[in-house]
Amino acid sequence: MGYDILSKVIELTDSTEALEKRLKDVAYLLIHSFAFDQCAIYLLDQDKKVLTLAVAVGSKRGCQEEYREDEGLPGLAIKNGKPIFATQSKSAKELWQGGLDKGTNGFNTIVCYPIKDDWFHGVLYLKNKEKKTISIKQKRLLGVITLQLATAIKNYQCIVNLRDINTKMKDMQYRLVNAEKLLALGEMAASLAHEIKNPLVSIGGFAKRLSHQMSLDSPYMSYVDRIVKEVAKLEKLMDGIVHFSKEEGYAFSSEDINSIIEETIAFFEDDFKKNEITVIKELSLNVPKIDVDRQHLNLVFNNLMTNAIQAMEKGGRLTIQTYQEGNWIVAEIHDTGGGIDPKIMSNIFNPFYTTKETGTGLGLAITHSIITNHKGIIEVNNNIGVGVTFIIKLPLAGKEGRILEAS
Amino acid sequence: MKEKILVVDDEEGIRLLYKEELEDAGLNVHVAASGEEALAKLEKDKFDLIVLDIKMPGMDGIEALRRIKERWKNLPVILSTAYHHYKQEFGTWASDAYVVKSSDLKELKTTIKDILRK
Ligand SMILES: Nc1ncnc2c1ncn2[C@@H]1O[C@H](COP(=O)(O)OP(=O)(O)OP(=O)(O)O)[C@@H](O)[C@H]1O
Ligand SMILES: [Mg+2]
């Protein structure tokens, strides 16, 4: 009889059906061949450390959906790495061999077998209402069956992983093709941007002159204001597009990060006053000079401070820190502007993503590309309802041999 | 006495804007529409500073810069162009400063003042 069941189990687990169907077929086979009232198979989620019910056949009574890794008899079987075979009288109810399990209520024979090969994959859980003995031969058989189940589950997981990798590769391929298209588009945009910039500068410049000539109560003031604002936005957009299409052209030299930050703070002095923002500088005097492109890094702090100022229109505190941490020079820019809605968090570094009427959505995208070009890291700490901290880490000069583009 | 500067740009809009804005800032502003015209004006007249566009048809700003610095070694030149990245392409090797064109002339004005003060 044993070999019959085994060959049947192998046949079922090797089929091309979905895993759940295969497990269910095996479960049916087991309650019939071993004459049990209930057979459940739990799968172990390695990350979450829980056993989740995959299939259950027979009586549905006391069949728990989930066990924590340290819960009930399934948990105990995993913990011990050994099967539990138990029969008990009706009075003992839920307590079995030191494991408390509500799922045993009303059952008097329990087999809880870990499904494992070189690792745990789950638990096979058989229950019977009546007391019954399980022969040594049956125990051995169950050992081989669970091993076969382990193989089936592992293979299935391999296939799922493969599929996952496959989708990722397709996605990557798609993005590569897209990147090429973007590059071509970028070049076109850059040459167009050149033709557009000069007229834009004169439109914006003259509109500004016009607004200075006008009296503040002129009904046309708002028109001119709009022109000035829209032109400024277009100029910013053009600068951004050109930045992305011409990313070479970095000129690295040994610079003091603190002095770049001081320069940017000085640039925004009027805005800080206007928005009633207190600026707190905690610049470490010990940070060594590092190889950076000063102008580009200026742009980084400019973008981050602009965002902070825009987030703190009704006042707040801007804290800027610098310090050395191992092989990194770190700059933190912290605002109290209420933070970023977690729903949009994954978009903020995307080009053209903006929540602002006059934004281009290029600020953080450019910032990110500049930091990457410095072989640095940019991180965001979002404190919802409070504020945001942008953390910039730049490698110390000479470390990891940065490849300098020849210009 | 007002300082005399020469703005060289092939775009009429830019020449007009720069002239008016810089005159308001207290400078005596002359304009030229090309590198050739600029050199001709420099031959006839004495200037305190040049604002020179890089991208121009005919003789471009870089060639004009080379010739200006050859002949008038101490005449300060500010290179002006549409976009930042030109700075890396051409460098500031021979000019005294570099300004990106913007409808906001604040940076250009402070740069001019800084250089003239020296
Ligand atoms: N300090 C911050 N506080 C709150 N939200 C922020 C902050 N920084 C960025 N964001 C959010 O991220 C979005 C993207 O920022 P990014 O700087 O890329 O573009 P932008 O500021 O909208 O436009 P631009 O930079 O062209 O003015 C912003 O629209 C805003 O919603
Ligand atoms: Mg921004």
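Buried area is the accessible area, taken with a 1.4 Å probe, that two parts lose on being put together, summed over both. By this definition, chain A and chain B bury about 2,100 Å² between them, with 55% of it on carbon and sulfur atoms. His194(A), Asn198(A) and Arg209(A) supply 30% of the area that chain A buries against chain B, more than any other three residues. This is a predicted model, in which local features need pLDDT of at least 70 and side-chain atom pairs count only at pLDDT 80 or more, whereas totals for chains, interfaces and linings use all residues. Residues are numbered from 1 along each chain as its sequence is written, chains are lettered from A and ligands numbered from 1 in the order in which they are written, and side-chain values use heavy atoms, without hydrogens and water.

**Interface of chain A and chain B**

- The contact (heavy atoms within 4.5 Å) takes 24 residues from chain A and 22 residues from chain B.
- Seven residue pairs, both at pLDDT 80 or more, are in polar contact between the two chains; a polar contact is a pair of N or O atoms within 3.5 Å, and within protein one must be able to donate a hydrogen and the other to accept it, while residues adjacent in sequence count only if both atoms are side-chain atoms.
- On the side of chain A that touches chain B, the elements giving two or more residues are α4 (136-213), α5 (221-245) and α8 (294-311) of chain A; helices are DSSP runs of H or I with at least four residues, numbered from the N terminus.
- α4(A) gives the most to this side, with twelve residues.

**Salt bridges**

- The side chains of Arg209(A) and Glu20(B) form a salt bridge at 2.9 Å, N to O.
- Arg209(A) lies in helix α4 of chain A and Glu20(B) in helix α1 (residues 12-24) of chain B, so the pair joins two chains.

**Ligand 1**

- Of the 21 residues around ligand 1 (a heavy atom within 4 Å), Asp335(A), Thr354(A), Thr355(A), Lys356(A) and Thr360(A) come nearest.
- An oxygen atom of ligand 1 lies 2.5 Å from a polar side-chain atom of Thr354(A).
- For Gly363(A), a polar backbone atom is 3.4 Å from an oxygen atom of ligand 1.

**Confidence**

- Chain A has a mean pLDDT (the predictor's confidence in each residue, from 0 to 100) of 87, and 93% of its residues reach 70 or more.

Conventions. A salt bridge is a side-chain nitrogen of Lys or Arg within 4 Å of a carboxyl oxygen of Asp or Glu.
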